[in-house]
Amino acid sequence: MFDEEIYMKHRHPTLIISFSHAFKGFLLVLKHERNIRIHIIATFVALALGVPLAFTPIEFSLVLIVSGCVIASELFNAALERLSDIVKPRVFGYVAEVKDIAAGAVLFLSLAALCVGLLLYVPKIIDLLLQGSASSGIL
């Protein structure tokens with residue numbers, strides 16, 4: 001039955017408890033989901049490559065924003081998958097669709113992040129290559 005005292009006690013946990021739950025959830029997904037580990041590694045690589053390419057703070061911010069969106073979408077996807085697995089026996093047909101839709105959202109954000117990455121990195125890499133070849137007398 002509904003216990004109002006228990007509900008009120010857990011309704012507004014302290015900030016530390018809230019962060020603890022969030023961190024626990026993040027670590028759970030990090031431990032069990034391969035794709036989020038790939039996205040995190042890609043984020044660190046993208047940020048590291050921004051250093052020799054002399055990214056501006058705005059460019060670094062764009063990398064962080066799109067990477068954060070992709071990682072957050074992976075977290076939402078993992079949560080939806082787990083929730084879907086709970087109701088699977090009752091509404092099997094829709095569960096597969098829900099999982100596919102959530103995965104599609106991650107794919108869409110990943111492709112958008114890739115486009116942002118191409119717009120940021122390709123011109124800088126081309127400039128770097130042209131500077132290198134011009135200084136060596138190739139062009």
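This is a predicted model: local features need pLDDT of at least 70, side-chain atom pairs count only at pLDDT 80 or more; totals for chains, interfaces and linings use all residues.
A residue is called exposed when its relative accessible area is over 50%, and buried when that area is under 20%. The buried residues of H3 are Ile36, His39, Ile40, Thr43, Ala46, Leu47 and Gly50. Because these residues cover an arc of only 125° around the axis, they lie on the same side of H3. An α-helix has 3.6 residues a turn, so residues three or four places apart point the same way. The length of H3 agrees with expectation: at 1.5 Å a residue, its 17 residues should span 24 Å, and the end C-alpha atoms are 25 Å apart.

The largest nonpolar core is made up of seven residues, namely Ala46, Leu47, Leu53, Phe55, Val63, Leu120 and Tyr121. At least two residues of this core come from helix H3 (34–50), and at least two from helix H5 (92–135). Leu120 touches Phe55, Glu59, Leu62 and Val63, residues up to four places away in sequence not being counted. A second, separate core has five residues, including Val29, Ile40, Ile71 and Ala78. In soluble globular proteins, nonpolar side chains tend to be buried together.

Three salt bridges were found in a search of the whole structure. In one of them, Arg82 pairs with Glu33, with the closest N and O atoms 3.3 Å apart. This pair links distant parts of the chain, 49 residues apart: Arg82 belongs to helix H4 (residues 57–87), whereas Glu33 is in the loop between helix H2 (15–32) and H3. Arg82 has a relative accessible area of 31% and is therefore partly exposed.

A salt bridge also joins the side chains of Glu59 and Lys124, at 3.3 Å from N to O. Here helix H4 contributes Glu59 and helix H5 contributes Lys124, and the two residues are 65 residues apart. Glu59 has a relative accessibility of 15% and so counts as buried. Glu59 is also among the residues touched by Leu120, which is itself part of the largest nonpolar core.

Asp85 and Lys99 form a salt bridge through their side chains, with an N to O distance of 2.6 Å. Asp85 lies in helix H4 and Lys99 in helix H5, so this pair ties together parts that are 14 residues apart in sequence. Asp85 is partly exposed, at a relative accessible area of 40%, and Lys99 also counts as partly exposed, at 21%.

Terms used:
Residues are numbered from 1 along each chain as its sequence is written. Side-chain values use heavy atoms; hydrogens and water are left out. A nonpolar core is a set of buried Ala, Val, Leu, Ile, Met, Phe, Trp, Tyr and Cys residues joined through side-chain atoms within 4.5 Å. Buried means under 20% relative accessible area, exposed over 50%, partly exposed in between (1.4 Å probe, protein chains only). Helices (H or I, at least four residues) and strands (E, at least two) are DSSP runs, numbered from the N terminus. Contact means heavy atoms within 4.5 Å. The expected span of a helix is 1.5 Å times one less than its number of residues. The arc is that of the directions from the helix axis to the C-beta atoms. A salt bridge is a side-chain nitrogen of Lys or Arg within 4 Å of a carboxyl oxygen of Asp or Glu.
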